[in-house]
Amino acid sequence: MIRSEEYRRKAAAPLRILAVAAVYYVAGGLGLLRQVTVQGAVVTPLWPPTGIALGCLLVLGLRVWPGIALGSLLVIATLSSSVTPSTAALVAGNTLAPVCACLILRRVGFRKELDRLRDGVLLVFLGALAGMVISATMGTAMLAIDDKLPKSGFWTVWLAWWAGDVMGVLVVTPLVLVVLLTARMPRVTDRWVEAGALLVVAVAGSLLATRSALSMLYLVFPILIWAALRFQLAGSAPCALLVSVLAVVAGTDRLGPFAGHGMVEVMVNLTVLNGAVALTSLLLAAVVAEKQNVRRRIEHACEELADVVDQLAPGRSAAVWPPRARDDREGR
């Protein structure tokens, strides 16, 4: 019995690594569907694999890092016909960035449940903005070393690369954490009607906001607020991903509010929009969850206090005890 459990644990480790590699590769393929060219370099406004990698590291542990490296190698292999030293450097950058971000977040006491405002802020500034500097720097440097990038375009490509990785963390990582930590079979008591209404409004509102020529991108924010207030991260994270994906599709196709703009302008607009969407959904959901946790702790403390009162006054209900105590003080 002990040996069988040990064998299962040993077999589970490589399976997790292969699963992470497969999901990373699929996410990379989806991200490359909307690739753009900036200064001759191929970048994406939203790079989902970075969010997949950081989320898996936070939940499954650092032991799955080979899966990230393998998935990154497979994605790069689809773009180039040969494996060069630059390929190894790109794989190293794509792996080191989420690993370092995970280590930093663990160091500062990050909780992967994202039920505190502090955790949301840490994910934004340390996990996304700071952590993805590594992958953007190594990737852009390799392009410059291989003479695939003019020196005048280094910082433009770096910024585009960094923004795509950051958006991947801000939009995809919260959804990965929700799926891996709270995935369960829906219950009959769940708010099915409201959830269905939210889904319909989110799809319709996002399509209208990202494809209308009237520049109504602000319409997505009431939807995100509704999702965060009523369903917390489980509702706001999918809505944020939906809005970001539809915005990227509209931006790369130059539709709606993105029509008539150059690619650099589109990238800037997409970065600002996706960043605002991710921050709104993530931080508001964290604030709501934190307030609910405080309320639960207060209710638990009140229940414990009622139990103490019952123990101190056996045979008397907690509702009678305060008036009697007041009467005793008045008698004194």
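Leaving aside neighbours within four places in sequence, I found V42 in contact (heavy atoms within 4.5 Å) with Q35 and V36. I note that this is a predicted model, in which local features need pLDDT of at least 70, side-chain atom pairs count only at pLDDT 80 or more, and totals for chains, interfaces and linings use all residues. Residues are numbered from 1 along each chain as its sequence is written, and side-chain values use heavy atoms, with hydrogens and water left out.

**Entry on V42.** I located V42 in strand 2, residues 41-43; helices (H or I, at least four residues) and strands (E, at least two) are DSSP runs numbered from the N terminus. I recorded V42 as partly exposed, at a relative accessible area of 44%; buried means under 20%, exposed over 50%, and partly exposed in between, with a 1.4 Å probe and protein chains only. I then looked up A160, 118 residues from V42 along the chain, and read a C-alpha separation of 9.7 Å.

For L123, not counting residues up to four places away in sequence, I listed the residues touched, among them L54, L105, F110, L114 and L282.

**Entry on positive phi.** I checked L114, which has a positive phi of about 55° although it is not a glycine. L114 lies in the loop between helix 4 (85-107) and helix 5 (117-130), and is buried, with a relative accessible area of 3%. S215 also has a positive phi of about 55° and is not a glycine. I placed S215 in the loop between helix 8 (192-211) and helix 9 (220-252), where S215 counts as partly exposed at 43% relative accessibility. Most residues other than glycine have a negative phi.

I noted a nonpolar patch of about 950 Å², whose residues include L15, L18, Y25, L70 and V83. Patch residues have over 30% relative accessible area and no salt bridge, and nonpolar side chains (Val, Leu, Ile, Met, Phe, Trp, Tyr) are joined within 5 Å; a salt bridge is a side-chain nitrogen of Lys or Arg within 4 Å of a carboxyl oxygen of Asp or Glu. Helix 1 (2-32) and helix 3 (65-79) each supply at least two patch residues, and helix 1 gives the most, with five. I found Y25 in helix 1 and recorded Y25 as partly exposed, at 36%.

Note on methods: Patch = residues over 30% accessible without salt bridge, like charges linked within 9 Å, V, L, I, M, F, W, Y side chains within 5 Å. Areas by Shrake-Rupley, 256 points an atom, 1.4 Å probe, with all protein chains shown as cover.
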